[in-house]
Amino acid sequence: MPVKYLFNGLLILIFSGTIYAQDIKVWNKWCVHADTAVLFCEAYNELLVVCKGGISIEEVQIKSLDRSLKIGIPEQKHDTLSIVAMPYPKYGSRMRLAVLKKGTKKVLKTIAFTAEPPPVPKARLGTITGGNAIRKEVIEQSALRVGFDSSFYSYPYRIKEYTFKVQYGDTKVSIPVKGFFIPSNVVLEIKKAPEGSTIEFADIKATCPECVVRTLDPLRIKIFNK
């Protein structure tokens with residue numbers, strides 16, 4: 001066979017293999033950025049695998065290549081595989097996941113994950129960040145939410161209950177609230193509180209689909225008129 005044809009054939013094989021691998025997408029469902037290969041220690045991680053182009057999801061299998069990465073039994077949902085995963089950095093820094101073709105065991109794609117410390121969920125009042133806010137903006141918020149400061153984690157925690165508190169002069173207000181919405185009686189107290197008052201959301205209970213109820217740190221916001 002002429003050299004030029006052999007060379008062209010090799011290029012076709014290499015190019016085809018590259019496209020083949022790119023048609024397999026793997027990401028952590030609970031990471032804010034789908035293109036960031038990160039797993040969270042002691043937190044719930046769900047890896048999703050989608051195949052497009054020349055291979056179907058039924059033709060692949062998933063394997064951990066390192067002791068530091070443990071995975072559960074994959075579950076197929078339509079054209080997607082879902083796998084629970086947990087990093088164990090104490091066993092090593094390499095956490096590689098392989099997507100193989102069934103039968104031949106050929107590795108179609110390898111993803112190297114990194115591990116991050118478990119994020120601490122924190123309560124937020126709507127879109128407000130920081131400890132100071134304009135009263136009008138505070139009143140416009142409709143609910144308490146849960147976020148993770150300085151972390152890509154985005155697992156869906158929700159507030160089950162909390163206690164709203166505010167104190168000024170001889171007035172002390174304490175209103176227990178079920179759920180995460182800000183009810184009208186709480187909004188009224190926010191409107192009545194003098195400028196410079198600190199409102200507090202305390203005894204905050206939060207939960208998520210795969211975890212027990214936990215108590216979050218209190219959220220305090222000092223309100224100003226402008």
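Strands are DSSP runs of type E with at least two residues, numbered from the N terminus. The model is predicted, so local features need pLDDT of at least 70 and side-chain atom pairs count only at pLDDT 80 or more, while totals for chains, interfaces and linings use all residues. Residues are numbered from 1 along each chain as its sequence is written, and side-chain values use heavy atoms, with hydrogens and water left out.

A pocket is an open set of points where a 1.4 Å probe fits, with protein on both sides within 12 Å along at least five of seven lines. Lining residues have an atom within 4 Å of a point. Grid points are joined across faces, edges and corners, and the volume is the space filled by probe spheres set on the points. The largest pocket holds about 230 Å³ of space. Its lining comprises 13 residues, and Lys122, Ala123, Arg124, Asp149 and Leu219 are the closest to its centre. Strands β10 (122–125) and β17 (219–224) each supply at least two lining residues. The greatest contribution comes from β10, with 3 residues.

Strand β17 also contains Lys222. Relative accessible area was computed with a 1.4 Å probe on protein chains only; buried means under 20%, exposed over 50%, and partly exposed in between. Lys222 is partly exposed, at 34% relative accessibility. Contact means heavy atoms within 4.5 Å. Beyond its neighbours within four places in sequence, Lys222 is in contact with Gly131, Asn132, Ala133, Gly196, Ser197 and Thr198. Lys222 and Arg135 are 87 residues apart in sequence, with 8.9 Å between their C-alpha atoms.

Strand β15 (residues 198–208) includes Thr207. Glu200 is buried, at 19% relative accessible area. A polar contact is a pair of N or O atoms within 3.5 Å; within protein, one must be able to donate a hydrogen and the other to accept it, and residues adjacent in sequence count only if both atoms are side-chain atoms. The side chains of Glu200 and Arg220 form such a contact, at 3.5 Å. Leaving aside neighbours within four places, the residues in contact with Glu200 are Thr163, Phe164, Lys165, Pro218, Leu219 and Arg220.

Thr207 is likewise buried, at 11%. A polar atom of its side chain lies 3.5 Å from the backbone oxygen of Cys211. With neighbours within four places again set aside, Thr207 is in contact with Pro156, Tyr157, Arg158, Lys160, Val212 and Val213.

Two strands pair if DSSP finds at least two bridges between them. Strand β15 and strand β16 (residues 211–216) run antiparallel and are joined by 4 bridges. Ala206 has Arg214 in β16 as its bridge partner. The two strands are connected by a hairpin through 2 residues.

Elsewhere, an open sheet of 4 strands has the order β2-β9-β8-β4, with mixed pairing. Strands β2 (38–40) and β4 (60–64) stand at its edges. Each has a single partner strand, so one side of each is left without a neighbour in the sheet. Neighbouring strands of this sheet are turned by 30 degrees against each other on average, direction ignored. For this angle, axes are lines fitted to C-alpha atoms, and angles run from 0 to 180 degrees between N-to-C directions. Strand β4 is joined by 5 bridges to β8 (residues 95–101), and these strands run antiparallel. Lys63 has Ala98 in β8 as its bridge partner.

Technical notes: 1 Å grid on protein atoms, 1.4 Å probe; cavity = no way out; pocket = protein on both sides within 12 Å on 5 of 7 lines; lining within 4 Å.
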